[in-house]
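Subject: Structure for you to look at

Hello,

Please find the sequence and the structure below. My notes on it follow; read them with the structure open.

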Amino acid sequence: MSVLTGKSVELLELASRRIGCPPDDVDTAALRVGVDLGTASCVLVVLGARDEPVWIDSYPSGALRDGVVVDFARATSTVRLLKQRAEEALGTTLSGTATAYPPCIPVQDARACTYVCESAGFEDAVLVDEISAAQQILEVSDGVVVDVGGGSTGVGVFRGGELEALDDRAGGGHHLDLMLAGALGVSAEQAEVHKRERQSEVLPILVPGLQRIAESVRRMTVGAEDLPLHLAGGALMIAGAGDVLAKYLERPVMTYPHALLITPLGIARSAA
């Protein structure tokens with residue numbers, strides 16, 4: 001497994017330091033906002049005038065299933081809370097945002113994401129797919145961007161920096177939690193905590209689930225087997241998960257620190 005370095009990693013490191021902690025000298029004249037609704041949690045990112053992250057916050061959601069809003073009221077209240085906290089921290093009003101949806105879901109389901117943001121108090125919301133958002137940060141020239149979220153796995157095949165193919169399938173971090181919960185006899189919520197805190201212990205249990213995700217990636221990237229994979233999303237932030245995918249697929253897998261921030265940062269960068 002390979003780990004890339006460079007400006008993307010530096011950006012992610014900076015972003016990790018901005019979680020709940022804005023800098024002292026924020027220029028509020030040219031802020032851009034991104035809302036990643038998410039299956040497990042909702043993340044709000046604010047970028048400054050130089051495209052640097054100035055505020056990042058998250059809150060448990062549970063209002064989406066496989067990228068589709070299933071609890072509109074809960075999703076709206078979560079975004080409204082994050083918006084209010086950001087405005088208090090930055091001392092300004094946030095009027096517009098961008099938000100994202102998994103590739104290949106119906107248009108009406110994708111638009112529900114913008115309706116959530118507008119109902120939460122944003123005047124308008126730009127809509128972008130999650131793979132294109134992740135590419136805003138990774139800037140992959142020749143490779144496959146894989147965004148593994150809580151409910152689904154999306155892939156985008158890039159050649160020469162141009163999107164060649166886009167696909168999405170159900171299956172992600174929530175399914176890993178259910179597998180672990182069954183094996184340990186605990187709730188899915190407890191399994192999620194266990195997965196984060198005892199990664200080396202749970203990895204052997206999760207290998208079949210990781211291989212299932214890998215198989216979905218294989219089927220969605222037929223004809224692009226020569227390209228390396230770039231992993232985004234928080235679902236596979238388990239030590240050794242990238243190795244499992246690399247071994248199963250027999251291809252290079254690139255991982256990133258703080259990979260769960262890749263797509264939210266890209267969403268904010270997509271804002272008008």
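Just after helix H8, glutamate 250 takes a positive phi of about 55 degrees. Helices (H or I, at least four residues) and strands (E, at least two) are DSSP runs, numbered from the N terminus. The model is a predicted one, in which local features need pLDDT of at least 70 and side-chain atom pairs count only at pLDDT 80 or more, while totals for chains, interfaces and linings use all residues. Residues are numbered from 1 along each chain as its sequence is written, and side-chain values use heavy atoms, with hydrogens and water left out.

Positive phi

Most residues other than glycine have a negative phi. Glutamate 250 is in the loop between H8 and strand S13. Is this residue buried or exposed? Glutamate 250 is exposed, because its relative accessible area is 73%; buried means under 20%, exposed over 50%, and partly exposed in between, with a 1.4 Å probe and protein chains only. Aspartate 51 also has a positive phi, near 70 degrees. Aspartate 51 belongs to the loop between strand S3 (41-47) and strand S4, and it counts as partly exposed at 22% relative accessibility.

Helices

In H8 (residues 241-249), the buried residues are Ala241, Gly242, Val244, Leu245, Ala246 and Leu249. Their cover includes helix H7, strand S12 (229-232) and strand S13 (253-255).

Helix H9 (residues 262-269) is mostly covered, with 8 of its 8 residues buried. Among them are Ile262, Pro264, Leu265 and Arg269.

Helix H6 (residues 188-197) packs against H7 (residues 199-220) at an angle of about 115 degrees, and their axes are 6 Å apart. Axes are lines fitted to C-alpha atoms, for helices over the stretch in contact, and angles run from 0 to 180 degrees between N-to-C directions. On the H6 side the contact (heavy atoms within 4.5 Å) is made by His194, Lys195, Arg196 and Glu197, and on the H7 side by Gln199, Glu201, Val202 and Leu206. These residues divide into 2 nonpolar, 2 polar and 4 charged. Ala, Val, Leu, Ile, Met, Phe, Trp, Tyr, Cys and Pro count as nonpolar, Asp, Glu, Lys and Arg as charged, and the others, Gly among them, as polar.

Leucine 178 is in helix H5 (residues 173-184) and is partly exposed, at 43% relative accessible area. Leucine 178 and alanine 191 are 13 residues apart in sequence, and their C-alpha atoms are 7.5 Å apart in space.

Two buried residues

Threonine 153 lies in strand S10 (residues 152-159) and has a relative accessible area of 1%, so it is buried. Which residues touch threonine 153, leaving aside its neighbours within four places in sequence? They are Val146, Asp147, Val148, Asp167, Asp168, Arg169, Gly171, Ile213, Val217 and Met220. The threonine 153 side chain also reaches the backbone oxygen of glycine 171, at 2.7 Å.

Serine 61 is in the loop between S4 (53-60) and strand S5 (64-65). Serine 61 is buried, because its relative accessible area is 3%. Not counting residues up to four places away in sequence, serine 61 touches Leu37, Gly38, Thr39, Ala40, Ser41, Cys42 and Arg74.

A charge and a ring

The charged end of lysine 83 sits over the ring of phenylalanine 122, 5.3 Å from its centre. A charge sits over a ring if NZ of Lys or CZ of Arg is within 6 Å of the ring centre and within 35 degrees of the ring normal.

Regards

Methods: A polar contact is a pair of N or O atoms within 3.5 Å; within protein, one must be able to donate a hydrogen and the other to accept it, and residues adjacent in sequence count only if both atoms are side-chain atoms.
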